[in-house]
Amino acid sequence: MSADMMRTVVQDAFGGPEVLRVERAPRPVPLPTEVLVRVHAAGINPVDWKTRAGSGMAGLLGEPPFTLGWDVSGVVEEVGFGVTTLKAGDEVYGMPWFPRVANGYSEYVTAPARQFARKPATIDHVHAAAVPLAALTAWQAVVDTAHVTAGQRVLVTAAAGGVGHFAVQFARHLGAHVIATASAARHPWLKELGADETVDYTTTRFEEVVADVDVVIELVGDAHDDSSTRSLKVLRPDGLLVTVPAGVSPELAAAAEAAGVRVSPFLVEPDGAALTTIAGLIDAGEVTVEVEATYPLERVAEAHTRGEAGRTRGKLVLTLTD
């Protein structure tokens, strides 16, 4: 392949994993304030397969063709005019451009330098690529939106997933009492991450055994067994429900008001400064990153199939270098 071309994943239509294919495309060129990053690994997130199928961020991206992917870890290849925070050769990770197209499933990406941060030194690119979108979602929900403090009781639903396993660790880092929902097989691992209590959602409805919660980080949504609405029942008066998957419906807002609690919609955004803080926690051994499986770029459809099946522990990652 010529030096000005790269491999990238493209879809020409909405649909199942089979619409994803690897093609060659021109390598992007960084504009002023941007960096060109050679991607070593790219994380896969639920928003990816939802968007591929026509939901998720599809309404913002418009009709295909486009390239999915927002989680990347790699090496700065070139810097545009004006960039002073990074230089060629720096190992970086980031969640560029979200929710606009970032072309993360590609060998090269360009984005503003400040949407990246230096990669945690203690983990490889595969694990670093599993961090940005999931960890920023958890960080911005737990820290910036809920303002969790020591001694509060925090419930995290779908705690064994990509966002959930970071939310558990961040809430615990802040000194909260953490309650996590997951299948029973995940409970020992979640206890290692810092969960004080665990609930097996396959056998127990969490609102029947959990109460007096200050904050719920809700990662399931009402589309799945009314999880957001049921979360209102466990909150203390004036407690806060942060709903991540699908926002706040008028019905959920009305139910929260009637229950005397608060509810907040949420959407993650790029934040290089927060990624620097998170990298520090990872390098200090306070936060761990879970990768269940990796796939070469050419097996992206297989990776999406596995992700959509659910029950993933942590993240799935695409590899783009040997």
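Strands (E, at least two residues) and helices (H or I, at least four) are DSSP runs, numbered from the N terminus. The structure is a predicted model, in which local features need pLDDT of at least 70, side-chain atom pairs count only at pLDDT 80 or more, and totals for chains, interfaces and linings use all residues. Residues are numbered from 1 along each chain as its sequence is written, and side-chain values use heavy atoms, with hydrogens and water left out.

**Exercise 1.** State which strand holds T8, and describe the surroundings of this residue.

*Solution.* 
1. T8 belongs to strand β1, residues 5–10.
2. With a relative accessible area of 3%, T8 is buried; buried means under 20%, exposed over 50% and partly exposed in between, for a 1.4 Å probe and protein chains only.
3. Neighbours within four places in sequence aside, T8 is in contact (heavy atoms within 4.5 Å) with R21, V22, E23, A25, T67, Y105 and S106.
4. The side chains of T8 and S106 are joined by a polar contact of 2.6 Å. Such a contact is a pair of N or O atoms within 3.5 Å; within protein, one must be able to donate a hydrogen and the other to accept it, and residues adjacent in sequence count only if both atoms are side-chain atoms.

**Exercise 2.** Identify the residues that touch the most other members of the largest nonpolar core.

*Solution.* 
1. A nonpolar core is a set of buried Ala, Val, Leu, Ile, Met, Phe, Trp, Tyr and Cys residues joined through side-chain atoms within 4.5 Å.
2. The largest has 91 residues, and F170, I217 and I278 touch the most other members.
3. Helix α4 (residues 132–145) gives the most to this core, namely eight residues.
4. Residues up to four places away in sequence not counted, I278 touches Y93, V131, A135, L136, W139 and F170.

**Exercise 3.** Give the strand order of the six-stranded open sheet and name its edges.

*Solution.* 
1. The order is β10-β9-β8-β11-β12-β13, with parallel pairing; two strands pair if DSSP finds at least two bridges between them.
2. β10 (197–200) and β13 (262–265) are the edge strands, each pairing on one side only.
3. Between β8 (residues 153–156) and β9 (residues 177–182) there are four bridges, and V156 stands opposite A180 in β9.
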